[in-house]
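Morning, everyone. I have one model to walk through today. Please have the sequence and the structure up on your screens.

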Amino acid sequence: MNGKRTPAENRGGAPAHAGLEIRGLTKQYPGAKEAALQDVTLTVRPGEWVAVLGRSGAGKSSLIRCINRLIEPDSGEIRWAGQPVTGVSGSELRRLRGDIGMIFQHYNLLPRLSVLTNVIAGRFADIPLRQSLLGVFSGAYKAQAMEALRSVGLAHLAGRKVEALSGGQRQRVAIARVLMQDPQLLLGDEPVSSLDPVTAVRVLDFIGTLHRRGMTVVTNLHDVHAARRYATRIIGLAHGGIVFDGPPEELGEAELQRIYPPDDDKLQP
Ligand SMILES: Nc1ncnc2c1ncn2[C@@H]1O[C@H](COP(=O)(O)OP(=O)(O)OP(=O)(O)O)[C@@H](O)[C@H]1O
């Protein structure tokens, strides 16, 4: 994918590509009374950090997971860096996923494998399948993975199995995996919801470092305070539709009432 930021762009020049373009995205789960996403249209510019807010069931995870096709939308179009995301399959989809990093609430790591292997998994899109299955990686990959682990303060745990780590340590492994992958777009599906407040701030600070390097970030958050502090733009969802789109400074009481409708039985607090 041609998603890299150009030197001109890093100096504050015009973006080299159109970023993430979402048009008319709709998702209805079988048997559900209402659509999880209803005609969502949104463009995320390169270098933005978008925080998606909304009550439980508002459609936040569905939106994030449609972006890398973990969930198939019913209709609508998604493009990243001018390339189609919807409609591609096979090697095109694998290449695309190599350009899109993901951090999940429940880490999505390989618990029985070592921390180092999990970090190298960030490059599985580039490593021949046989080598990945055998766990035989080049010295260059190992060195890069150790560097990523050093950045998150976990180099001393490289040989330990992930299942022996705490939640905060696991999320730092997930961030090291993203560092190893070096994607242009980072998606976070409630990346700090399982963490204590202190660890959550640490993880958000790491994501902030990636954002300052030029990574575009889209993440749902349950914490309005964190969204205001870290994001450059807030998207509010209710009943699968966008009810707020603006900078954190514009998120006042009236806007919060729209995003978190108080007497709405269809959505949970
Ligand atoms: N696999 C599924 N099958 C049926 N309905 C689903 C499925 N996944 C989500 N839904 C429904 O779609 C709607 C949106 O769910 P989604 O998980 O996107 O919301 P959310 O805002 O991320 O909620 P939360 O904050 O609780 O994670 C909800 O009504 C939910 O019950």
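First, a word on naming: helices (H or I, at least four residues) and strands (E, at least two) are DSSP runs, numbered from the N terminus. Residues are numbered from 1 along each chain as its sequence is written. This is a predicted model, where local features need pLDDT of at least 70, side-chain atom pairs count only at pLDDT 80 or more, and totals for chains, interfaces and linings use all residues.

Glu190 has a positive phi of about 50°, although it is not a glycine. Glu190 sits in the loop between β7 (185-189) and α8 (197-212). Now burial. A residue is buried if 20 or more other C-beta atoms lie within 10 Å of its own, exposed if 12 or fewer, and partly exposed in between, with C-beta atoms placed from the backbone. Glu190 has 18 C-beta neighbours inside 10 Å, so it counts as partly exposed.

Next, Ala81. Its phi is also positive, about 50°, and Ala81 is not a glycine. Look for Ala81 in the loop between β4 (75-80) and β5 (83-84). Buried or exposed, then, is Ala81? Buried, because it has 22 C-beta neighbours inside 10 Å.

On to the sheet. Two strands pair if DSSP finds at least two bridges between them. Here 6 strands form an open sheet, in the order β6-β7-β8-β3-β9-β10, and the pairing is mixed. β6 (100-104) and β10 (241-246) stand at the edges with a single partner strand each, so one side of each has no neighbour in the sheet. The twist averages 15° from one strand to the next. Angles run from 0 to 180 degrees between N-to-C directions, and axes are lines fitted to C-alpha atoms, for helices over the stretch in contact.

Take strand β3, residues 49-53. β3 is mostly covered, with 5 of its 5 residues buried. In a regular strand the side chains alternate between the two faces of the sheet. On β3, Trp49, Ala51 and Leu53 are buried on one side, and Val50 and Val52 are buried on the other.

What are β3's partners? One is β8 (residues 216-220), parallel, over 4 bridges. There, Val50 stands opposite Val218. Another is β9 (residues 233-238), also parallel, over 4 bridges. Val52 stands opposite Ile235 in β9. Follow Ile235 onward: its bridge partner in β10 is Asp245. β9 and β10 run antiparallel, joined by 5 bridges.

Now the ligand. A residue counts as near it if its C-beta atom, placed from the backbone, lies within 6 Å. The residues around the ligand include Tyr29, Gly54, Ser56, Lys60 and Ser62. By class, the shell has 4 nonpolar, 6 polar and 1 charged residues. For those classes, Ala, Val, Leu, Ile, Met, Phe, Trp, Tyr, Cys and Pro count as nonpolar, Asp, Glu, Lys and Arg as charged, and the others, Gly among them, as polar.

Zoom in on Ser56. Ser56 is in the loop between β3 and α2 (60-67). With 10 C-beta neighbours inside 10 Å, Ser56 counts as exposed. Ser56 and Gly214 are 158 residues apart in sequence and 30 Å apart in space, C-alpha to C-alpha.

Last, a helix pair. Helices α6 (residues 139-151) and α7 (residues 167-181) pack at about 135°, with axes 9 Å apart. Thanks, that is my tour.
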